[in-house]
Amino acid sequence: MTQITINAEGMHYTPLNKLIRQAVREGVSEIILDNVMGQRFISDGLIGDVKITINGIPGGDLGMFMKGPTIEVFGNADHALGNTMDDGTIIIHGSSGDATAHSMRGGTVFIRDDIGYRGGIHMKQYEDKRPNLIIGGSARAFLGEYMAGGLVIMFRLHDDTPYAEMGLASGIHGGEIFIRGTVEEWTLGIGSSAREATSEDMEKITPYILEFSKHFNLASSFLLNSSYTRIAPVSSRPFAGKYTWE
Amino acid sequence: MIIGSRPTKFQVAIDNDQCMLCERCIENCSYGVFRRDNEKILINSRNCVACHRCISQCPRDAIIIKERPCDYRSHPVWTAQVKENIFKQAESGKILLGGMGNAAPYPIIFDQLVLDACQITNPSIDPLREPMELRTYIGKKPKKLEFVKNATGDMDLVTEIAPNLKVETPIMIGHMSYGAISLNAQLSLARAVSEVGTFMGTGEGGLHKALHPYQNNMIVQIASGRFGVDVNYLERGAAIEIKIGQGAKPGIGGHLPGEKVCTDVSCTRMIPEGSDAISPAPHHDIYSIEDLKQLVLSLKEATEWNKPVFVKVAAVHNVAAIAAGIARSGADAVVIDGFRGGTGAAPTIFRDHVGIPIETAVAAVDAKLRKQGIRNEVSIIASGGIRQSADVAKVICLGADAVYIGTAALVAMGCRVCGTCYRGLCTWGIATQRPDLVARLNPDEASQNVKNLIDAWTLELAEFMGAAGINSIESLRGNRDRLRGYMLDQSMLDVLDVKTIGA
């Protein structure tokens with residue numbers, strides 16, 4: 001168990017990532033990044049079993065293409081966190097920007113507060129690779145658009161009104177979304193359908209509720225005892241009936 | 001049934017005097033045209049797509065296929081195609097899809113450009129005797145080179161050179177994914193490019209493990225669906241290409257239908273079997289030119305700045321300004337796909353009506369980048385409707401560094417451009433995943449055909465360059481003085497920056 005601390009103050013992302021890669025190659029198991037301020041691409045394409053703690057605010061594409069590491073951010077995160085991420089965990093003690101978990105194919109992202117527009121767009125799964133996006137607060141429009149697999153859970157912790165953002169799960173053809181409480185009928189995009197979560201569904205999401213509560217030091221009973229809406233695709237082939245041949 | 005039957009597109013006939021009832025036509029036709037009835041082959045012409053597989057396999061030349069033997073009343077506006085499209089849409093209410101590239105009869109600019117040759121005043125060069133430099137490098141070029149004298153008195157280069165692809169001939173093969181084409185087709189192309197010393201694109205379908213031995217000659221694509229994309233995939237490619245758009249269908253995404261997502265395709269793309277593979281119209285992490293820069297840099301960062309990153313766009317009206325943005329995004333090459341670019345399936349309205357020809361797009365992009373002093377920042381790769389070596393020479397004269405071919409490489413493997421790729425029944429084993437059909441394409445033979453084609457075009461390019469008194473492809477690039485426009489109007493000559501014949 002070796003740990004190093006890097007002071008990222010004023011550092012460009014390329015030398016910063018070089019230091020991180022070098023540390024991982026040398027077998028460091030925990031890296032603490034202090035004074036992070038807007039550096040993009042932290043842990044981009046990084047492979048390995050390492051814990052990275054970020055004190056500060058990372059820039060866009062945090063953990064993009066990443067395979068394996070755990071990143072915990074004490075602050076907000078920017079655009080496209082977890083973009084096309086392969087495996088690993090990202091925990092954000094704050095909010096994150098647009099296109100959070102875009103095209104993610106594996107691993108889990110926990111966001112304590114809110115995310116921006118286009119969250120979880122085109123997440124996809126294959127065999128044991130299943131991405132999870134867990135949101136404590138709420139998401140803006142186009143959540144889970146074109147979703148092809150994986151799991152999105154949104155708790156809307158501080159809001160009990162029905163979810164009302166446009167284009168929810170439009171074009172969804174795989175995976176499922178759980179939202180605490182109800183959703184306005186008009187939010188549902190083309191190709192998606194909603195129903196109340198069953199006890200079987202609750203069994204499926206319980207481990208994520210517990211893990212979320214643990215990361216952010218919250219009591220899980222409220223989340224476990226709430227009712228949820230499940231949004232899923234009508235078909236795995238949403239466009240099959242749209243075309244005719246020349 | 002209000003509209004009723006339409007005349008058959010093709011009429012198939014067998015000369016029974018010639019036919020020896022070998023049944024090869026029955027075996028080879030995956031569309032169900034032929035069947036045996038006692039001592040005769042019976043024919044259902046309506047199923048024929050004119051792929052000519054039966055003709056190619058008939059030992060007696062007994063098969064004849066005629067196009068539109070019974071046509072509609074001829075009319076210059078209400079053509080058979082126009083009427084039949086209306087019939088189909090009146091019956092279905094759906095979007096029309098078609099295969100292969102633009103099928104509308106636009107004039108071809110390449111055919112109205114002529115090349116130059118030396119006579120007396122500057123001697124031509126004989127490629128037999130003189131070396132001809134066909135090799136080129138794709139990627140960023142430094143504005144200037146800086147050297148310092150080291151302790152031993154030698155000069156050391158201090159300018160950092162960005163990674164470039166070394167291409168032995170300016171002919172590469174464009175992106176056709178595993179899924180759109182078969183694994184044997186991809187294998188054949190891969191072997192050909194690795195033998196020639198050029199490159200091919202993977203398309204947005206991942207990189208099948210059978211292609212790993214050829215990865216040093218493969219450009220891996222990352223498109224809006226991100227299929228098959230992980231660090232391992234990025235690391236394997238010789239270069240990475242971000243696909244923003246495609247000449248056959250600018251502005252829209254792609255849908256690989258679930259029935260083409262078999263076990264192997266599913267594993268390479270990393271999506272469940274039988275599920276539609278949907279690539280959204282935009283990349284949802286790119287909504288601006290700044291976002292493009294972020295994706296370019298993220299790919300470079302993920303691969304530790306060792307790989308050139310290309311950005312491919314469809315040739316659209318303001319392609320020059322778009323390419324200037326790409327050149328400033330950190331990308332190493334811009335790929336421009338003209339409106340004649342091929343595809344497995346595209347809505348015909350896009351295939352035939354959206355975008356501009358590659359000739360004008362390349363000329364406009366090259367001019368814009370030179371004007372802004374950033375032509376060295378990116379290489380230009382031209383694609384979409386490159387049919388012969390003369391097209392390669394002409395588009396290089398208009399400013400391209402190299403070309404991608406697609407359809408031409410498929411034709412080299414037997415494709416007859418029947419345009420029925422979307423049925424998944426390709427009798428040539430190219431645009432299909434059906435194992436018995438795929439097995440028809442022998443990668444040993446097909447790769448040789450593709451290699452022969454590239455070799456032949458390369459020889460022709462060398463001959464042409466010699467005739468023009470040029471011994472390096474770099475000297476041909478943007479060399480518009482070696483082109484003249486034949487019956488092109490002044491505005492077109494201005495865009496191409498080419499003089500008219502006789503001038």
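Student: Which residue stands opposite B:T500 in β23(B)?

Tutor: Happy to! The residue opposite B:T500 in β23(B) is B:G485. Before going further, residues are counted from 1 along each chain as its sequence is written, while chains are lettered from A and ligands numbered from 1 in the order written. Please bear in mind that the model is predicted, with local features needing pLDDT of at least 70, side-chain atom pairs counted only at pLDDT 80 or more, and totals for chains, interfaces and linings using all residues.

B:G485 belongs to strand β22 (residues 483-485) of chain B, which is joined to β23(B) by 2 bridges, with the strands running parallel. (Strands are DSSP E runs of at least two residues and helices are H or I runs of at least four, numbered from the N terminus; two strands pair if DSSP finds at least two bridges between them.) These strands are part of an open sheet of 3 strands in chain B, ordered β6-β22-β23, and its pairing is mixed. The edges are β6 (113-115) and β23 (499-500) of chain B, each with a single partner strand, so one side of each has no neighbour in the sheet.

Now look at what lies across this sheet. Helix α11(B) lies across β6 and β22 of chain B, and runs at about 95° to β6(B). (Axes are lines fitted to C-alpha atoms, for helices over the stretch in contact, with angles from 0 to 180 degrees between N-to-C directions; contact means backbone-placed C-beta atoms within 7 Å.)

On the α11(B) side the contact is made by B:S389, B:V392 and B:A393, and on the α14(B) side by B:W457, B:E460, B:L461 and B:F464. By class, this contact has 5 nonpolar residues, 1 polar and 1 charged. (Nonpolar is Ala, Val, Leu, Ile, Met, Phe, Trp, Tyr, Cys and Pro; charged is Asp, Glu, Lys and Arg; the others, including Gly, are polar.)

Another helix pair in chain B is worth a look beside that one. The axes of α8 (residues 319-327) and α10 (residues 358-371) of chain B come within 8 Å and cross at roughly 50°. Here B:V319, B:A320, B:A321, B:A323, B:A324 and B:A327 in α8(B) meet B:A361, B:A364, B:V365, B:K368 and B:L369 in α10(B). This contact divides into 10 nonpolar residues, no polar ones and 1 charged.

Finally, step out to the other chain. Chain B places 32 residues in contact with 41 residues of chain A. On the chain B side, the elements giving two or more residues are α3 (80-92), β5 (95-98), α5 (231-236) and α7 (289-302). The biggest contribution to that side comes from α7(B), with 5 residues. The chain B side has 14 nonpolar, 11 polar and 7 charged residues. There is strand pairing between the chains too: strand β12 (residues 243-245) of chain A is joined to β5(B) by 3 bridges, and the two run parallel. Within that pairing, A:W245 has B:L97 of β5(B) as its bridge partner.

How values were computed: Contact = placed C-beta atoms within 7 Å.
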